[in-house]
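Please look at the sequence and the three-dimensional structure shown here.

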Amino acid sequence: MADRFYTIMIVPENASKSRQFHVPSWMIRALLVVLPILVLVGITLILDYRFVANQVFENRDLQAENRRLRQDVQLYKNRMDSVESSLQRIENFSARLKMITNLMDRDQLSQQLQLPIPVASNNVAFVNVVQDTTPQEKQETSAIDFQFEKLSTQSLTDEQNLHDLYELLSDQKSFLNALPTKKPAEGYFTSGFGVRVSPMGDGAEKMHEGLDIANLVGTPIHSPAQGTVIYAGKKSGYGNIVEIDHGYGLETWYGHTSKILVKPGQLVHRGQVIALVGNSGRSTGAHVHYEVRVHGIPVDPLNYILEN
């Protein structure tokens, strides 16, 4: 007959009395069956835990990579937007240069330009915000960064060159607008610049500081260049006179007029009627006495008149 119980005896090292336990045999057999199963389940749980932990870490790495990629995409998008903005400003400058060199009229210019004149120093600087990258990724990013920086630097250089050219051409155009290149009135040249015998009949020789253009009273007198009226009224010897400051040290005077049509401080344009031919002041007939002065010194007006 099989044993129904197993006896387990425990003998303490420093005790005189031992202890005995009686364990049913079926419990021992059940433990021998269950224990391997529990060990197997434990091993399976440990392996599953390690697998899940690895998946969590991989997911974290993927999330970090996605964040880095999104940062890269946004960074390069901002850089491309900045470069495109620079190129757009360069196109605007080109249009302005075409206008100032008479290759494009102002109506065409107004249709093409929507932005104010830019300043190259206002362009956006680039900052790399990505830090957690591998050596290979850093190398690739550095190569792309170098291309962007090169393109950005080139666009800024071109923009600044166009700035300088625009300012140069603008100043030259302003200077050309200030030159009195038109004849101020229709008529005949009756007396030129230089020493002459006085027309007042006293036989004295004196310096004639301008050019006399004779015509009927009321003939229009035109401004030969753009400028600002600095005096309009009577002056001894000149009668009714208009004085215009054209900038760059250039002034023009118009004496002996019959009627003045402008006021001091008024801006006048080339070809604008400023007065009418007359015979006021010390004059022997209807004409306009026309002077050109450079820094206050009279010069020959014929040196500036381009008309025949």
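The explanation begins with the model itself and then turns to its strands and a helix.

This is a predicted model, in which local features need pLDDT of at least 70, side-chain atom pairs count only at pLDDT 80 or more, and totals for chains, interfaces and linings use all residues. Residues are numbered from 1 along each chain as its sequence is written, and side-chain values use heavy atoms, with hydrogens and water left out. The protein has an average pLDDT (the predictor's confidence in each residue, from 0 to 100) of 79, and 80% of the residues score at least 70. Over residues 117-131, however, pLDDT stays under 50. Where pLDDT is low, the predicted coordinates should not be read in detail.

Strand 12 pairs with strand 7 (residues 220-222) in the antiparallel sense over 3 bridges; two strands pair if DSSP finds at least two bridges between them. Here Ile-221 is opposite Ala-275 of strand 12. Strand 10 (residues 250-260) also runs antiparallel to strand 12 and is joined to it by 3 bridges, and Lys-259 has Leu-276 of strand 12 as its bridge partner.

Finally, Leu-38 lies in helix 1 (residues 25-100); helices are DSSP runs of H or I, at least four residues. Leu-38 counts as exposed (over 50% relative accessible area) because its relative accessibility is 54%.

Terms used
Helix = DSSP H or I, 4+ residues; strand = E, 2+ residues; numbered from the N terminus. Buried < 20%, exposed > 50% of the residue type's maximum accessible area, 1.4 Å probe, protein only. Contact = heavy atoms within 4.5 Å.
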